[in-house]
Amino acid sequence: MKKLNYLLLLLFLSCGVKEANNPIDFLKQNAIPIKDIAKLNQQVYNEISDYEIIMVGEMHGTKEPAEFVHGLCNLLTQSEKEVVLALEIRSSQMNNLSKDMSIAQLKELEFFQRENLDGRNGESMLELIYKSLQNERVIIKFIDNNYPSSTRDSSMYMEICNIRKTYPNTKIVTLTGNVHNSFVPLFNKVRIGGYLLQDSTNFDSKKIMSINHAFSEGNMLNSDGTELKLRII
């Protein structure tokens with residue numbers, strides 16, 4: 001995307017934490033201007049620190065969500081021991097990943113060698129993984145369809161459950177397509193957000209945040225289900 005004004009709109013209405021009669025007043029009171037989405041400030045941390053899972057949705061083929069997730073993980077690790085970054089990638093496609101890999105070595109992994117069909121395995125994801133490897137407090141996990149007998153969303157939900165059990169006191173930041181982090185069913189399917197809200201055994205519904213990337217203009221290397229191409233918005 002070429003032109004954006006960045007605002008972190010902390011939509012607590014979706015999480016049932018705050019209410020406001022007038023949406024305009026609510027946004028004025030709660031929006032946090034951000035000059036650099038890769039370098040988030042303490043004010044942002046104060047607003048998100050109570051949340052255990054922060055899901056970030058993206059239009060595949062855009063760079064800003066990956067940059068924002070990088071900023072979130074860095075911000076969290078400034079105040080906390082570690083954070084888990086969960087990405088919409090099959091773990092089998094990232095075999096042999098190691099902390100000391102260069103960008104050139106990362107490019108040789110199967111995920112980045114495969115044909116780019118939907119915009120996911122481009123430069124923004126490559127840079128996010130490389131930068132995350134530089135932060136020893138970021139634990140990278142890959143959650144896409146590792147349970148092939150299940151739907152993709154239920155499979156990714158189960159992977160998040162596994163992460164939660166392994167790292168019970170660690171915040172989880174996810175980056176997936178913006179359909180998957182929805183709290184409500186989309187296209188007649190329950191999505192990751194919906195599964196998490198329903199699971200009161202493993203998760204507190206008031207500590208789950210879902211953030212979407214909204215934009216007005218720019219471009220993205222994206223597929224609409226037919227082919228990958230540069231789309232002008």
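A residue is called buried here when its relative accessible area is under 20%, exposed when over 50%, and partly exposed in between (1.4 Å probe, protein chains only). This is a predicted model, where local features need pLDDT of at least 70, side-chain atom pairs count only at pLDDT 80 or more, and totals for chains, interfaces and linings use all residues. Residues are numbered from 1 along each chain as its sequence is written, and side-chain values use heavy atoms, leaving out hydrogens and water.

Start by selecting Glu88, in the loop between β4 and α5; helices (H or I, at least four residues) and strands (E, at least two) are DSSP runs numbered from the N terminus. Glu88 has a relative accessible area of 2%, so Glu88 counts as buried. Now show its contacts (heavy atoms within 4.5 Å): beyond neighbours within four places in sequence, Glu88 touches residues including His60, Arg120, Asp144, Arg152 and His180. Met156 is also a contact; the C-alpha atoms of Glu88 and Met156 are 8.1 Å apart, although 68 residues separate them along the chain.

Next, colour helix α7 (residues 123-133) and helix α4 (residues 64-79), whose axes lie 9 Å apart at an angle of about 10°. Axes are lines fitted to C-alpha atoms, for helices over the stretch in contact, and angles run from 0 to 180 degrees between N-to-C directions. The two helices, α4 and α7, are therefore roughly parallel, the word for angles under 35 degrees. Ala66, Val69 and His70 of α4 meet Ser124, Leu128 and Lys131 of α7.

Finish at Ile232, in strand β9 (residues 228-232). Ile232 counts as exposed because its relative accessibility is 67%.

Conventions
Parallel < 35°, antiparallel > 145°, perpendicular 65-115°, else oblique.
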